[in-house]
Amino acid sequence: MTSKFAILDFGSQVTQLIARRLREFGVYSELFPFDVSLEKLKDFQPQGIILSGGAHSVYDENSPLRGVKELADIAPLFGICYGMQIITHSFGGKVEAALNREYGLNEVVWSDPFSQNLKTKLQNLDHQQNVWMSHGDIVKALPQGFEVVATSEGNHPAAIKSDRVWAVQFHPEVTHTDLGDEVLRSFVFDLCKAEANWTAPSIVETLLEKIKKQVGSEKVLLGLSGGVDSSVVAALLTKALGPDQVHCVFVDTGLLRKNEFTDVMKMYKDYGLNVKGADAADLFLSELAGISDPETKRKTIGRVFIETFEQSVKDLNLDCRFLAQGTLYPDVIESVNLRGSSVTIKSHHNVGGLPERMNMDLVEPLRELFKDEVRAIGKELGLPAEILGRHPFPGPGLAVRILGEITKEKLETLRDADDIFIKGLKEEGIYDDIWQAFVALLPVKSVGVQGDNRTYANACVLRAVSSSDGMTADWYDFSPKFLRKVSNRITNEVAGINRVVYDVTSKPPGTIEWE
């Protein structure tokens with residue numbers, strides 16, 4: 001049986017990292033809104049429940065509050081930051097505002113570490129741990145049955161515990177916290193006795209059974225994008241149902257990268273997928289004409305994509321009851337408001353369901369997975385490295401990498417510039433060190449000198465980031481020599497570009513894509 005953990009989101013910007021850490025340990029974790037019903041949690045049957053941090057005080061009028069004592073009857077509890085304060089408040093202790101807020105790096109001293117494994121690790125640090133804190137309230141009085149097991153530099157409780165409830169006033173899920181993984185491991189494996197059985201083979205086995213149960217003997221239509229996600233969905237469906245039930249359509253939207261349609265189509269056929277090509281480039285371009293707003297672009301592309309499938313069903317004379325999509329967990333997190341008060345960053349064209357007129361049901365095998373998990377199961381299924389190793393590519397394609405209106409000329413310009421950049425990464429041997437890299441074409445023109453002539457042409461921006469899951473990212477530190485080489489090639493070889501800049505913005509505050 002798969003070990004499962006429920007993470008209740010009280011508003012922290014890094015709640016998703018808790019889920020990531022547990023998945024990395026080999027245990028399944030899922031995010032829930034803080035006010036999820038007891039019935040739903042009981043049905044989920046978690047082996048442990050984690051309460052995330054948050055920006056509020058338990059005494060604020062609009063704080064995300066709930067009683068948590070009853071949660072401990074379902075499974076052991078672990079509170080992080082605000083989670084520790086709401087545990088204290090709910091179990092009868094006292095929380096109050098601190099005179100000095102504890103924010104940033106702090107040092108905590110442990111008197112009684114949560115587990116022997118954590119104690120052994122801390123011995124090398126004299127039981128002192130550098131941690132990341134971000135809170136204005138402190139625990140002033142403990143609930144009955146709890147004890148302080150670590151204190152902060154300000155001599156405030158930094159970790160408390162009872163028999164079934166542990167809590168820390170810092171964030172073990174962030175990389176700034178030393179031994180943060182060990183703190184979480186103590187809860188997961190020592191208190192909750194979980195088993196690390198969320199592995200690629202077990203994930204594949206679970207997904208295949210779910211697909212068979214949902215689809216049965218019906219046919220499935222799948223739109224392939226050339227990226228990792230839809231390719232893994234195709235491989236899963238084909239393995240579960242066989243090629244006769246799975247009809248893949250690879251749509252040339254006109255928004256793909258250079259030579260992408262031809263190259264990827266060949267890889268799909270070599271792998272054994274039942275795939276047909278559909279040329280819809282002119283349709284997409286006509287529908288996008290005059291549109292500059294990025295959200296309108298995404299929604300337009302999503303609509304046209306669906307319409308293309310409707311036409312594909314008619315053209316191929318397919319009687320498909322299901323439509324498959326490569327929706328990932330980060331897509332769902334960014335598009336769905338878990339906390340009820342957070343801001344949707346951007347919509348994803350493959351999140352949110354289908355128009356009623358299609359009369360088709362969705363199959364989303366990857367909806368609960370992060371990107372690295374998808375790559376792992378793709379490898380397990382035998383997909384070629386050329387597909388699995390590709391950088392993420394947005395569903396709307398190059399449309400969200402051209403700021404402003406989309407035209408055929410702009411697409412050709414961007415394709416040529418992007419091709420030079422990506423080939424440069426591979427020639428340099430650093431393509432696999434980078435999570436995602438691309439060129440974006442800016443709606444900015446500047447004066448330049450090319451071939452002794454004055455030019456007035458577009459600027460483009462290079463974007464390359466390192467990341468483990470795409471939820472957070474940092475810009476890649478290229479050598480000046482490499483940047484100079486790529487810039488020279490683009491301005492010399494690509495008509496319409498006379499200026500190249502490099503984006504040194506992390507996520508947050510920026511997103512990886514520009515739109």
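I began with helix 4 (residues 116-123) and helix 5 (residues 180-191), whose axes come within 9 Å and cross at roughly 160 degrees; axes here are lines fitted to C-alpha atoms, for helices over the stretch in contact, with angles from 0 to 180 degrees between N-to-C directions. Helices (H or I, at least four residues) and strands (E, at least two) are DSSP runs, numbered from the N terminus. This is a predicted model, in which local features need pLDDT of at least 70 and side-chain atom pairs count only at pLDDT 80 or more, while totals for chains, interfaces and linings use all residues. Residues are numbered from 1 along each chain as its sequence is written, and side-chain values use heavy atoms, with hydrogens and water left out.

For the contact (heavy atoms within 4.5 Å), I found Asn 117, Leu 118 and Lys 121 in helix 4 meeting Glu 182, Val 183, Ser 186 and Asp 190 in helix 5. By class, this contact of helix 4 with helix 5 has two nonpolar, two polar and three charged residues (Ala, Val, Leu, Ile, Met, Phe, Trp, Tyr, Cys and Pro count as nonpolar, Asp, Glu, Lys and Arg as charged, and the others, Gly among them, as polar).

Next I looked up the sheet, which is open, has five strands in the order 12-11-10-13-14 and shows parallel pairing (two strands pair if DSSP finds at least two bridges between them). Its edge strands are strand 12 and strand 14 (361-363), each pairing on one side only, and the twist averages 30 degrees from one strand to the next.

I then followed two of the pairings. Strand 10 (residues 220-224) and strand 13 (residues 322-324) run parallel and are joined by three bridges, with Leu 323 in strand 13 as the bridge partner of Leu 221. Helix 6 (residues 200-215) packs on the sheet, where it touches strand 10, strand 13 and strand 14, and its direction makes about 165 degrees with that of strand 14.

Strand 11 (residues 246-252) pairs with strand 12 (residues 275-279) in the parallel sense over five bridges, and I saw Cys 248 opposite Val 275 in strand 12.

Last, I checked helix 10 (residues 294-316), which lies across strand 10, strand 11, strand 12 and strand 13 and runs at about 125 degrees to strand 11.
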